[in-house]
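Me: I have a structure to go through with you. Can we start with the inside and then move on to the rest?

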Amino acid sequence: MTQMKAMILGLAVAALASASAANAQSAASGDAARGKELFLNNGCYACHGTTGAGGGPAGPRLAHDGLPPEAMLQQIRNPAAQMPPYTAQVLPDKDVGDIIAYIQALSSGPAANAENIPILNR
Amino acid sequence: MAKRKDDDSVGRRGFLKGAGLAGAGVLAAPLTAKAQNTAPPPPASSIPATPNRELERGTPADVKPATQSSSGSDYMVDVMRGLGIEHVAAFVGSSFRGLHESLINYGMLTSPNIDFLSCMHEEVSVAMCHGYAKIEGKPMAAMLHETVGLQHASMAIYNAYADRVPIFLITPSSPDARTRRSTVPTFHSVQDGAAIVRDFTKWDDQPGSLQHWGESATRAYKYAMTPPCGPTLLVTSMDLQEGPIEDRPKPTIPKIPVSAPPQAAENAVRELARILVDAEAPVLTCDRVARTPAGLKSMIALAELLQAPVVDGSMRMNFPWRHPLNQSSRGRALIATADVILGMEMSDFWATTNGPAPHTEFSTRSFAKPGAKKISLTGVDLNFHANYQDFQRFPDADIALEGDAEATLPSLIEAVRRLIDKDKRAAFDARGKKHGEAHLKALADQRTLAAEGWDSQPITVARMVMELYNVIKDEDWTLASGSQMQNNWPQKLWHADKHHRYIGDAGAYGIGYTAPATLGAAFANKKYGRITVSIQGDGDLMCCPSSLWTAAHEKIPILYVVHNNRAWHQEIMALQQTANRMQRGVDRTHIGTTIRDPYIDYSKMAASMGVYGQGPITDPKDLGPAIKKAVAVLKRGEPALIDVVAQGR
């Protein structure tokens with residue numbers, strides 16, 4: 001998981017120059033409510049879970065992952081690993097921005113603390 | 001039933017019935033005389049006559065007595081008893097009626113009992129044998145109706161073959177067109193019945209006599225049990241099953257030899273020990289090493305001796321999940337930095353060091369360190385079969401040791417022990433300490449990941465898995481289902497250190513395995529009083545739903561926790577990838593991949609077949625109490641099912 005994250009981040013840094021600033025800005029100011037619908041309707045939930053919990057090789061965690069919008073955009077458009085590529089033809093920039101806004105909203109509160117969940121500590 | 005063309009055969013049966021009343025001896029004489037009058041003497045030939053059935057039975061093949069007091073199938077039951085086979089699973093089929101009758105009226109009523117398990121599909125019968133063998137360490141038998149039954153069973157047989165699991169299979173035959181009935185039985189007749197599964201069984205035979213059957217049954221058992229284990233098949237003619245053997249000396253029952261599994265060559269083992277001891281960063285990888293509890297103990301001994309990390313592919317209970325040297329969570333990172341990688345009974349050793357290249361569909365790359373030494377130790381290299389590609393890509397191993405890993409480990413451990421001096425011991429202990437710390441960190445990281453979305457609906461897979469563990473952890477439990485579709489959360493978070501805690505997955509990933517195979521494991525566990533749980537995919541359940549009826553009918557305590565993601569989830573992800581590559585979007589990828597409109601109510605389905613059912617559970621807070629109730633049902637000796645509406649993965 002950590003390795004995948006590092007790979008994604010690496011790719012994101014390399015691609016920052018080419019990713020449009022406008023796209024990233026649009027991502028940061030997207031409509032999270034609409035983004036949730038898009039997240040569910042575009043199959044993101046299938047691998048990452050409806051609340052971005054992820055948890056395995058099929059789809060890493062998105063919530064509380066700390067991935068910047070630019071990196072998310074890069075991963076969506078030109079994914080590393082086995083994620084389906086979402087080009088602008090199938091997912092316009094505005095939709096991507098809203099999805100990223102939803103992922104950011106999932107991360108807005110504090111992450112659940114595993115130590116406070118007794119059955120996770122058996 | 002419609003009147004068929006073969007009225008003459010009905011007439012003959014009627015005639016035989018009448019003749020039988022007068023006495024078989026009276027009947028036999030004129031027929032023999034007639035044959036002597038009309039048939040010319042056989043030409044001299046060096047080729048021996050094929051079957052010697054007549055010698056064994058004393059009755060011509062087309063003259064069945066109205067009554068008889070013994071049958072070939074009684075002898076077959078005795079042979080199976082002698083082999084230690086205790087159960088036969090079958091979906092009824094008229095072609096094995098002889099054996100069926102012997103089992104229920106002879107095998108089940110005389111000691112040592114050999115029982116009959118009622119199934120509703122041959123795939124269920126074989127998969128039950130598959131799960132049973134992984135717990136019990138020996139085969140159960142399955143009888144498969146001629147032709148069509150074997151066709152039904154074929155996927156389950158392939159699963160068992162690829163999973164290296166012994167099963168004793170019987171399918172009937174009726175090769176003589178003169179004696180078999182026309183129409184349906186003839187549709188079900190085949191010249192070479194075993195051909196359809198020969199590519200993925202270890203051995204088959206079609207015995208021509210009872211003595212031959214006894215010898216071949218013993219051989220089939222021996223071959224099935226010799227690592228790499230696998231299913232074997234006896235094609236058993238109806239004549240041989242049903243013919244009487246009275247007034248004749250009974251064929252003998254051969255002994256099973258005590259056999260030693262094949263071990264790797266001694267000099268190669270010594271060299272392997274030297275390489276491992278000299279390595280700076282060795283990694284031990286394993287898929288199906290622990291055939292028995294002894295394999296688990298040996299794995300622990302080897303890893304602790306070397307203080308080397310173990311990356312377990314979890315196709316058996318190879319290594320304790322919470323052992324400090326269990327580094328499966330960070331396996332790829334370790335393999336990428338290893339100088340020696342030992343792959344033991346690997347399903348796909350090539351994939352241990354190779355994977356897809358980024359941004360490509362078919363290109364691959366090695367992620368092993370250049371110069372890393374790759375060594376394989378497997379008995380599968382001794383089992384040569386073509387056609388089906390379960391042997392995977394050719395592993396780019398530097399050294400290949402041919403021998404069963406579990407059988408070879410004791411000599412490897414001894415060779416390693418002899419090479420470790422004081423300095424090595426200190427270096428190994430330091431290495432082990434680092435791995436222990438990494439194990440604890442990985443555990444904490446996995447708990448953090450599992451906590452994410454803890455109260456989500458649909459329920460997260462991590463929560464479903466942990467709610468289950470919380471209820472069973474103090475019991476003597478078995479997780480009988482594979483956990484790949486649950487992100488291997490049990491391996492990451494549960495504590496498991498006994499061989500029967502986990503038995504791996506299907507082998508060939510043929511869907512429809514979980515419900516019946518885990519039922520077979522639960523059946524084997526019944527006499528040990530263990531709690532058997534199966535995290536059951538909804539799509540897989542619908543391949544063999546009749547497993548539930550068998551569970552209720554045979555009173556097998558098993559808890560099915562249905563991981564209900566309302567889809568064939570793996571396929572959704574694959575189809576999304578293809579659709580997006582085609583730039584057509586994923587809007588329509590639910591077609592053919594989802595289980596909705598309508599949703600299936602699995603608890604009602606279970607209840608309809610006599611299984612206690614709860615659900616659908618949608619609120620995670622309801623899950624723990626539901627599992628507690630279900631486990632109480634298991635403790636009464638009955639099966640239970642909980643339908644959990646959960647995330648995809």
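Me: How much space lies in the largest cavity?
Reply: This is a predicted model. In it, the largest cavity holds about 80 Å³ of space.

Me: And which residues are closest to its centre?
Reply: Ala53(A), Gly54(A), Thr460(B), Val461(B) and Arg649(B) are the closest to the centre, out of 16 residues that line the largest cavity.

Me: Which elements give two or more residues to that lining?
Reply: Those are α16 (422-451) and α17 (461-472), both of chain B.

Me: How does the lining split by class?
Reply: The lining of the largest cavity has 8 polar residues, 6 nonpolar ones and 2 charged ones.

Me: How many cavities of 30 Å³ or more are there?
Reply: The count is 1.

Me: Switching to chain A. What is in it, helices or strands?
Reply: Chain A has 6 helices and 0 strands. From the N terminus on, the order is α-α-α-α-α-α.

Me: What share of chain A is buried?
Reply: Of its 122 residues, 46% count as buried. The accessible surface of chain A is about 5,500 Å², and carbon and sulfur atoms account for 58% of that.

Me: And the contacts in chain A, what share joins residues at least 24 apart?
Reply: 66%, taken among contacts between residues at least 6 apart in sequence.

Me: What is the average pLDDT for chain A?
Reply: The average is 79, and 77% of the residues of chain A score at least 70.

Me: Where in chain A is confidence lowest, and where highest?
Reply: Helix α1 (residues 2-15) of chain A is lowest, with a mean of 42. Helix α6 (residues 93-106) of chain A is highest, at 94.

Me: Over which residues of chain A does pLDDT stay under 50?
Reply: Residues 1-22 of chain A. The model has 24 contacts beyond four places in sequence for that stretch. Where pLDDT is low, the predicted coordinates should not be read in detail.

Me: Now chain B. Where does Thr147(B) lie?
Reply: Thr147(B) is in the loop between β3 (141-143) and α7 (148-162) of chain B.

Me: Buried or exposed, and why?
Reply: Thr147(B) counts as buried because its relative accessibility is 16%, and the cut-off for buried is under 20%.

Me: What is Thr147(B) in contact with, leaving aside neighbours within four places in sequence?
Reply: Thr147(B) is in contact with Thr171(B), Phe187(B), His188(B), Ser189(B) and Val190(B).

Me: Take Thr171(B). How far apart are Thr147(B) and Thr171(B)?
Reply: Thr147(B) and Thr171(B) are 24 residues apart in sequence, and their C-alpha atoms are 8.0 Å apart in space.

Definitions and conventions:
Residues numbered from 1 in each chain as written. Chains lettered and ligands numbered in written order. Predicted model: local features only at pLDDT ≥ 70, side-chain atom pairs only at ≥ 80, totals over all residues. Heavy atoms only, no water. pLDDT = per-residue confidence, 0-100. Helix = DSSP H or I, 4+ residues; strand = E, 2+ residues; numbered from the N terminus. Contact = heavy atoms within 4.5 Å. Buried < 20%, exposed > 50% of the residue type's maximum accessible area, 1.4 Å probe, protein only. Areas by Shrake-Rupley, 256 points an atom, 1.4 Å probe, with all protein chains shown as cover. 1 Å grid on protein atoms, 1.4 Å probe; cavity = no way out; pocket = protein on both sides within 12 Å on 5 of 7 lines; lining within 4 Å. Points joined across faces, edges and corners; volume = space filled by probe spheres on them. Nonpolar A, V, L, I, M, F, W, Y, C, P; charged D, E, K, R; others polar.
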